[in-house]
2 protein chains.
Amino acid sequence: MSHPLRLLARQHRRWPLPAARRSYSVRVPGDGSSDVTTVADLKEWQPGRLVSDVQVCGWVRSVRKSASVRFVDITDGSSMRPVQAVVDKSLAADIRPGAAVRLTGVWHSSFPRSSVPATAELRVNEVEILGASNPQTYPIQNKYQTPESLRAISHLRPRTPLNSTLLRLRSDAMALVSQFFFQEKFQQTHPPIITSSDCEGAGEAFTVKSGSPSEFFRDPKYLTVSSQLHLEALAQALGNVWTLSPTFRAEQSDTSRHLSEFYMLEAEMSFVQDMDEVMDLAQRMLASLASGLRLRSAAQELEKHRLDSRDPAERLAFEDLVDLKELQQRWRGLMAPTRWPRVTYTEAIEILEPVAHKFEHKPVWGSGLQSEHEKYLAEKIGYDEASDAFLPIFVTHYPREIKAFYMLQSESPPAQGPTVDCFDLLVPNLGELAGGSMREHRLAQLEDNMRLHGLEVPTQRKARSSDMGWYLDLRRWGCPPHGGFGLGFDRLLSYLTGVPNVRDVVPFPRHFERCDC
Amino acid sequence: MSHPLRLLARQHRRWPLPAARRSYSVRVPGDGSSDVTTVADLKEWQPGRLVSDVQVCGWVRSVRKSASVRFVDITDGSSMRPVQAVVDKSLAADIRPGAAVRLTGVWHSSFPRSSVPATAELRVNEVEILGASNPQTYPIQNKYQTPESLRAISHLRPRTPLNSTLLRLRSDAMALVSQFFFQEKFQQTHPPIITSSDCEGAGEAFTVKSGSPSEFFRDPKYLTVSSQLHLEALAQALGNVWTLSPTFRAEQSDTSRHLSEFYMLEAEMSFVQDMDEVMDLAQRMLASLASGLRLRSAAQELEKHRLDSRDPAERLAFEDLVDLKELQQRWRGLMAPTRWPRVTYTEAIEILEPVAHKFEHKPVWGSGLQSEHEKYLAEKIGYDEASDAFLPIFVTHYPREIKAFYMLQSESPPAQGPTVDCFDLLVPNLGELAGGSMREHRLAQLEDNMRLHGLEVPTQRKARSSDMGWYLDLRRWGCPPHGGFGLGFDRLLSYLTGVPNVRDVVPFPRHFERCDC
């Protein structure tokens with residue numbers, strides 16, 4: 001070893017890895033092991049004495065003036081509500097809405113007592129402007145802004161209290177579904193985003209091109225419209241698997257429920273004996289998610305502040321959301337201790353026929369359920385009087401011809417015609433939240449289905465190179481009965497938060513003609 | 001409410017949600033609350049008595065014949081090694097390698113005693129073939145198959161013991177990084193996959209097209225080459241953020257370290273005071289991941305079976321991996337209780353110059369480090385004699401001109417020229433595992449950097465509609481000093497498992513001219 005190397009080796013042994021060298025927005029005095037590291041923590045912190053040298057980094061949400069001091073509301077994105085800092089007028093010249101600051105001072109806190117409200121504020125003796133702001137040009141105003149206007153500035157939109165809380169709730173939801181599937185011993189997987197097939201019947205696919213004139217991957221390739229087929233391959237090796245992956249549809253539909261880029265939560269189980277097991281998994285997962293979210297701050301704040309808000313701008317923002325009473329009915333339904341209602345498509349048609357006059361499209365056995373039908377069914381069947389809750393409902397066993405080629409044909413179809421073992425999970429207002437099925441695991445029957453759906457059936461010889469040959473291969477060797485479901489993660493968050501437009505629960509929405517940033 | 005609805009409402013209240021209705025590959029008698037639900041669990045199960053009615057679903061790995069019985073190795077993907085079932089010859093006719101079966105029988109288990117080895121086997125009295133197999137055509141043979149040949153059948157490859165274990169280790173790693181960032185109060189985010197910009201200098205981007213002749217999103221759009229810019233926007237609202245997202249490069253490089261579609265683990269921190277905090281975070285995250293993985297079965301099995309394997313085919317598969325001694329040196333380095341070595345680029349060049357004759361490319365200040373340089377530095381500086389470990393090393397402060405436009409210029413550059421506050425994390429054999437930097441948070445300096453790198457600087461008026469205008473916007477209002485890093489998740493798994501080719505740690509590899517399935 002040459003000299004400089006030996007020197008370096010000696011040097012790094014002198015550096016223990018310091019637990020305290022962490023980048024947090026809030027620092028309180030001590031050895032760095034304190035749990036008080038964010039504004040959310042600080043707001044709850046009641047050390048029972050004055051504490052000096054408390055440092056808060058964050059963004060200025062508002063500044064209120066009195067004769068000698070400024071009351072500055074600071075947020076670091078960890079909580080919907082800011083923490084208050086009291087700054088002497090002489091120090092506050094550059095503290096403007098939108099600025100990033102570091103404030104150091106004395107933390108005053110006390111519990112509320114009879115007539116005296118609680119105190120929780122930082123009395124500041126040192127101000128550092130980390131990033132200046134010009135409130136005249138700052139696009140995020142401390143007043144009501146419509147969801148439409150905020151969508152035009154998606155790179156700044158997360159700085160509003162409501163939008164940052166929605167993104168924290170999204171983060172909580174990711175952590176909770178990861179935990180659920182981990183405990184259930186499902187393996188998390190990364191199925192491919194670029195795929196060979198655009199023929200799954202799940203909608204129009206985007207094409208992927210490289211800069212060079214020849215095909216980068218030899219044949220045309222697409223952005224995945226669903227990870228299901230690849231999950232089936234992985235389930236046949238690993239047992240039960242899941243993924244939360246981006247999925248793409250090039251549909252020109254401009255609705256509040258559709259995105260061109262969205263996240264799908266998909267699970268696939270090997271060795272399923274009947275479809276009830278798949279529906280039970282979907283319900284258990286959603287119930288576990290809703291119960292877990294209720295313990296986390298983002299969901300708690302959303303509910304609490306809707307009840308207690310006195311800020312007119314905030315109240316207007318909340319008015320854009322689904323009525324709080326209905327939202328609570330949704331949550332109660334998700335956490336219900338009973339099985340959600342399960343009706344067959346044929347029963348659903350029988351329920352719809354007597355009230356056909358209510359709909360634009362006539363409910364007819366053999367046609368798909370329209371969105372208006374789905375919403376009617378979800379509201380009528382799902383509403384549980386006893387608990388004043390909206391239970392999500394499963395509609396099962398749709399006609400074979402209107403469902404995907406990979407679904408398993410039902411053994412005891414109704415008189416009207418052949419059906420498949422599949423389900424849609426419907427909720428009020430939104431319609432379809434998830435869909436699942438048993439998969440056709442027998443080669444000959446799968447090939448029949450493909451022909452029925454007008455798909456080309458690859459021969460075994462070409463199997464591996466052709467588009468769907470690999471999928472048929474899965475049936476050639478050791479394919480057990482299996483099933484799974486896919487759930488629109490963004491739609492679920494929209495349902496849980498009461499945000500009517502799915503574009504407002506994703507950070508950077510992509511849809512027809514819009515892909516900002 | 002009409003009659004059928006009332007009926008349904010009554011029905012579903014009669015259905016309690018059954019905890020036992022779960023789809024597991026292994027069932028033992030009882031109320032369904034047993035933790036023994038996979039082959040991995042069963043292999044460890046020692047109830048201290050014979051237990052009948054034990055059911056195992058899985059795939060047949062091999063069948064050995066004796067005069068009256070068949071010894072059948074069954075796996076469900078939960079463990080590298082199968083469980084043994086003993087089946088009477090008369091029942092075993094259709095039990096063939098590759099088949100999916102359900103076997104029911106009596107579980108025999110005992111601890112090892114002096115001369116008697118441990119027992120753990122299912123004596124089968126009922127056989128059900130769930131999916132037949134033809135061993136003559138089954139592409140997964142119970143013998144050594146090269147990694148290259150397995151890559152040609154990526155839909156079946158996860159069925160081999162090594163590949164399924166690698167995918168389980170990948171799942172464990174996802175769960176552990178989620179847990180780490182959750183505990184550190186980072187928000188997990190979903191930055192966009194389809195983006196407006198291809199000018200980040202991170203390599204060639206794929207273009208996204210829809211079927212229609214006009215542009216679906218008005219302007220050309222691309223698959224993301226890095227989530228960093230969008231993470232910066234989110235960090236400026238939420239504080240500390242992270243993501244594990246797919247990332248794409250249309251480079252025609254055909255190496256063992258590159259994929260066209262790969263996963264990047266990226267973290268971004270607001271309010272960073274100096275770059276050491278970013279490096280400390282990267283080290284803490286990797287140390288926490290490695291320590292966590294060691295407690296999980298996939299990593300344990302990989303090490304154990306490399307030590308004890310007596311199966312010739314398996315030993316050949318292990319020989320394709322990095323030498324076990326070196327692998328252990330890597331793990332010890334990742335978990336080292338000291339800070340990993342940090343050298344500046346300028347120091348690195350001083351170390352390389354005296355040994356320039358060893359390299360194809362001459363090490364010159366101002367040029368990028370070549371892969372051969374990186375590997376030399378990682379091996380020489382990173383090797384710690386005292387602990388016989390390879391510590392990853394940070395090389396910091398590269399010349400400004402060869403690094404990305406968004407990096408913060410260093411305050412005290414060396415005599416040779418201006419540098420930026422950035423780092424690469426290097427490891428032996430693989431080279432660059434991660435890269436990070438402080439970001440230029442001041443508008444004027446960022447615009448200077450863009451000009452220096454030949455990028456068009458958008459005017460404020462056009463800011464929001466133009467490609468990079470939104471990114472400059474982030475500097476206009478409240479941009480604090482911040483920094484972060486990105487880590488190649490697939491490369492990390494390759495480093496942790498000793499799998500030399502990154503194509504073998506992802507389920508469906510995509511690279512130049514290859515996108516099967």
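Between chain B and chain A there are five salt bridges, a salt bridge being a side-chain nitrogen of Lys or Arg within 4 Å of a carboxyl oxygen of Asp or Glu. A:Arg27 and B:Glu277 form a salt bridge, and their closest N and O atoms are 3.8 Å apart. This is a predicted model, in which local features need pLDDT of at least 70 and side-chain atom pairs count only at pLDDT 80 or more, while totals for chains, interfaces and linings use all residues. Side-chain values use heavy atoms, leaving out hydrogens and water; residues are numbered from 1 along each chain as its sequence is written, and chains are lettered from A and ligands numbered from 1 in the order in which they are written.

How many residues does each chain bring to the contact? Chain B gives 146 residues and chain A gives 146 residues, where contact means heavy atoms within 4.5 Å. The area buried between the two chains is about 12400 Å², and carbon and sulfur atoms give 61% of that. Buried area is the accessible area (1.4 Å probe) that two parts lose on being put together, summed over both. B:His190, B:Phe271 and B:Trp477 supply 7% of the area that chain B buries against chain A, more than any other three residues.

Over all chains, the whole structure has 59 salt bridges. In one pair, A:Arg168 and A:Glu301, the closest N and O atoms are 2.8 Å apart. This pair links distant parts of the chain, 133 residues apart: A:Arg168 lies in helix α4 (residues 161–183) of chain A, and A:Glu301 in helix α7 (residues 297–308) of chain A. Helices here are DSSP runs (H or I, at least four residues), numbered from the N terminus.

Next come packed helices. Helix α12 (residues 443–452) of chain A and helix α13 (residues 469–476) of chain A have axes that come within 9 Å and cross at roughly 150°. Axes are lines fitted to C-alpha atoms, for helices over the stretch in contact, and angles run from 0 to 180 degrees between N-to-C directions. The angle makes α12(A) roughly antiparallel to α13(A), a term for angles over 145 degrees. A:Leu443, A:Leu446, A:Glu447 and A:Met450 in α12(A) meet A:Tyr471, A:Leu472, A:Arg475 and A:Arg476 in α13(A).

In chain B, helix α4 (residues 161–183) and helix α14 (residues 489–497) pack at an angle of about 120°, with axes 11 Å apart. Therefore α4(B) is oblique to α14(B), oblique being what remains after angles under 35 degrees (roughly parallel), over 145 (roughly antiparallel) and 65 to 115 (roughly perpendicular).

Methods:
Helices (H or I, at least four residues) and strands (E, at least two) are DSSP runs, numbered from the N terminus.
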